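Here is a friendly walk through this model, from one residue and its surroundings out to the chain as a whole. Keep the structure open beside the text as you read.

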Amino acid sequence: MKELQELHLPENLGYTEDHEWAQLTGDTIRVGVSDYAQDQLGDIVFVELPAVGDSFNRGDEFGTLESVKAVSELYLPVSGQVVAVNQELEDAPELLNEDPYSNWILEIKPAAAEEYDQLLTAAAYLELLQG
Amino acid sequence: MNHSIATSGLILDEPLLWEKGKKGRRGMSIPSSDVPAAALDPNLLGEAVDFPDLSEIDVVRHYTRLSQWNFGVDTGMYPLGSCTMKYNPKTNEQQAANPAIAAAHPMLADEQSQGVLRLLFELQQLLALITGLDAVSLQPAAGAHGELTGMLIFNAYHDSRGSKRTKILIPDTAHGTNPASAALCGYRSIPVKSDEHGMLRAESVAALMDEETAGIMLTNPNTLGLFEQEVREIAAIVHAKGGLVYGDGANMNAALGIMDAKRCGVDVLHLNLHKTFSTPHGGGGPGAGPVCVTSELEPFLPVPRVIHDGECFRLEEEQPLSVGRVHAFHGNFGVLVRAYSYILSMGRELKRASQLAVLNANYIKERLKGDFHLPYDQPCMHECVFSDKLQQEYKVSTLDMAKRLIDCGFHPPTIYFPLVVHGALMIEPTETECKEEIDQFIAALKHIAQEAREQPELLRAAPQRTKVRRLDEVQAARCPCLIGAVAQPGE
């Protein structure tokens, strides 16, 4: 497993305490899991995704990641409606281990844009990991 | 380590049965036909089933070789946390195999099944006595089935009072199956966090308990092997809001004859006969998860139940408030016979079994806490939970250490559970093991901790002495092969 200083935490993303990231691109937000999350979970063997059109509130469980060790819930960083899911992950869940940032999980149309600004910065997230 | 019990021996390889045999081989001689042959209606004919032709010795060797690859509690120490892999005394098997018991047809009239019904009746009474609760159903076939039955009882109880409840509280130190059992019954599970000592606090429950919540599912001792000391306060809070308390009795091996579930405020409790009461399990073998309830909830128990009408034992089917049937006939009857045999053999010594199980776990905890990180350093019950924190700097994980234990001749403990402990290593020795065996196990783990510092690559490559080495669990999960390859003619 990686040491904290080995983690890759891009500056241009917002993070949650539950180890998801979010990135605002135009008027949609992409969501994925952090390098820390994929590293802690170990080899991911299954990704359960919601359906396009589903709506969730901030903090709602929207899917699960299954690794050899455990099943973990995914929580939505900002409220909104799902406009796209990354279908590639259904057949190739290992993509999340290979690069958890280029391999996003879903894209949402945010219901409350200000929630995005309340996410943790990379520095604040790293501080949280350091405990 | 002075002397390892593990050596290597000759293990024979064995193909699938499909890949064995030759056309025309057989395991028995069928008498030649003494009636004229008649053609079958062609409409009834289909493709022949592709069974291999095998001789008796082919089959005997096949299963004997497979059995030699196995590791069970009859082979060695099996400290699989949360599973109570205690020894299964052979007398239980003898009783269960007795034709007077094993061959009794479940559809016989009550008058002709008095022995069987009496056994069931007495087992109900014994389990009530052991838990402190009032009434018992022996029907559920496993722990999670008992949980589901318990949730159905919660639901039936609230329904009978015209109360609609949608949520259930589940602590983060409860058994992993609890949320699933509640969800199957339509409840939304609300997680409750334990405190920094791994304990559930009454105030956390009070903050979440309301009149839309059906109750709480408590595992006590919890999955950290700790006794929930605020259980009575928690039960009082739940009861005050009209809720019920479910006790997951999977960890009951710590508390036989010591904890009175009713006085703890538990309304429904399931027992795992296959854990606590020494019936064989593992590999998905049959279990039994009887459900014990307070007298207030007795009308909701599944049917049929054995009652004594003053003259004889009867199966009672009519019970208007019952949740109905959860299993055919008497439940997993053979398992019930084994548990009954165990309880009668042990008698008052059951309490001592729990005391020794707790002593063994605490002994291991104290002896190993310098070698492995102990996240909750306090007296434990029947199991103790370590983590791989001290080994992280050598890049050695819990999985590596568990695999290395196999090389030392021990079944690994439960790993990566409970989830509240990162990289958990959960050890439950049970009362089965003597001190010498436990010392050997401790020596093996101490040796592994030393190897982690000095030769970590050994651990990452473990196991080395087994028939197969480290399995590719990732590949197995991503691309499982669920059917054997059938040999083609001429291959």
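Leaving aside residues up to four places away in sequence, Tyr246(B) touches Gly150(B), Phe154(B), Gly215(B), Ile216(B), Met217(B), Leu218(B) and Val268(B). Two residues are in contact here if their C-beta atoms, placed from the backbone, lie within 7 Å. Tyr246(B) sits in strand 5 (residues 244-249) of chain B. Because Tyr246(B) has 32 C-beta neighbours inside 10 Å, Tyr246(B) counts as buried. The cut-offs for burial are these: 20 or more other C-beta atoms within 10 Å of a residue's own make it buried, 12 or fewer make it exposed, and anything in between is partly exposed, with C-beta atoms placed from the backbone. From Tyr246(B) to Phe227(B) it is 19 residues in sequence and 15 Å in space, C-alpha to C-alpha.

A word on the source: this is a predicted model, in which local features need pLDDT of at least 70 and side-chain atom pairs count only at pLDDT 80 or more, while totals for chains, interfaces and linings use all residues. Residues are numbered from 1 along each chain as its sequence is written, and chains are lettered from A and ligands numbered from 1 in the order in which they are written.

**The chain as a whole**

Chain B has 15 helices and twelve strands. Helices (H or I, at least four residues) and strands (E, at least two) are DSSP runs, numbered from the N terminus. How does the radius of gyration of chain B agree with that of a compact globule? For 491 residues such a globule would have a value near 23 Å, and chain B has 26 Å, which agrees. That radius is taken over C-alpha atoms, and the globule rule is 2.2 Å times the number of residues to the power 0.38. Along the principal axes, the C-alpha atoms of chain B fill a box of roughly 75 × 70 × 40 Å. Of the 491 residues of chain B, 43% count as buried. Among contacts in chain B between residues at least 6 apart in sequence, 73% join residues at least 24 apart.

Chain A meets chain B through six residues of chain A in contact with eight residues of chain B. On the chain A side, the residues divide into four nonpolar, no polar and two charged. In that count, Ala, Val, Leu, Ile, Met, Phe, Trp, Tyr, Cys and Pro are nonpolar, Asp, Glu, Lys and Arg are charged, and the others, Gly among them, are polar.

Helix 4 (residues 114-131) of chain B has 18 residues and reaches 26 Å from its first C-alpha to its last, close to the 26 Å expected at 1.5 Å a residue. The expected span is 1.5 Å times one less than the number of residues. The buried residues of helix 4 of chain B are Val116(B), Leu117(B), Leu119(B), Leu120(B), Leu123(B), Gln124(B), Leu127(B), Ile130(B) and Thr131(B). They cover an arc of only 155 degrees around the axis, which puts them on the same side of helix 4 of chain B. The arc is that of the directions from the helix axis to the C-beta atoms. On the other side of this helix, Gly115(B) and Leu129(B) are exposed. Gly132(B), with a positive phi near 85 degrees, follows helix 4 of chain B.

**Strand pairs and backbone details**

Strand 8 of chain B and strand 9 (residues 313-316) of chain B run antiparallel and are joined by four bridges. Two strands pair if DSSP finds at least two bridges between them. Arg305(B) has Glu316(B) in strand 9 of chain B as its bridge partner. Their hairpin has four residues between the strands, and Gly310(B) takes a positive phi near 100 degrees there.

| Cis peptide bond | Omega |
|---|---|
| Val303(B) to Pro304(B) | near -5 degrees |
| Phe417(B) to Pro418(B) | about 0 degrees |

Pro418(B) lies in the loop between strand 11 (414-415) and strand 12 (425-427) of chain B. Tyr416(B) is in the loop between strand 11 and strand 12 of chain B, and its phi is positive, near 60 degrees.
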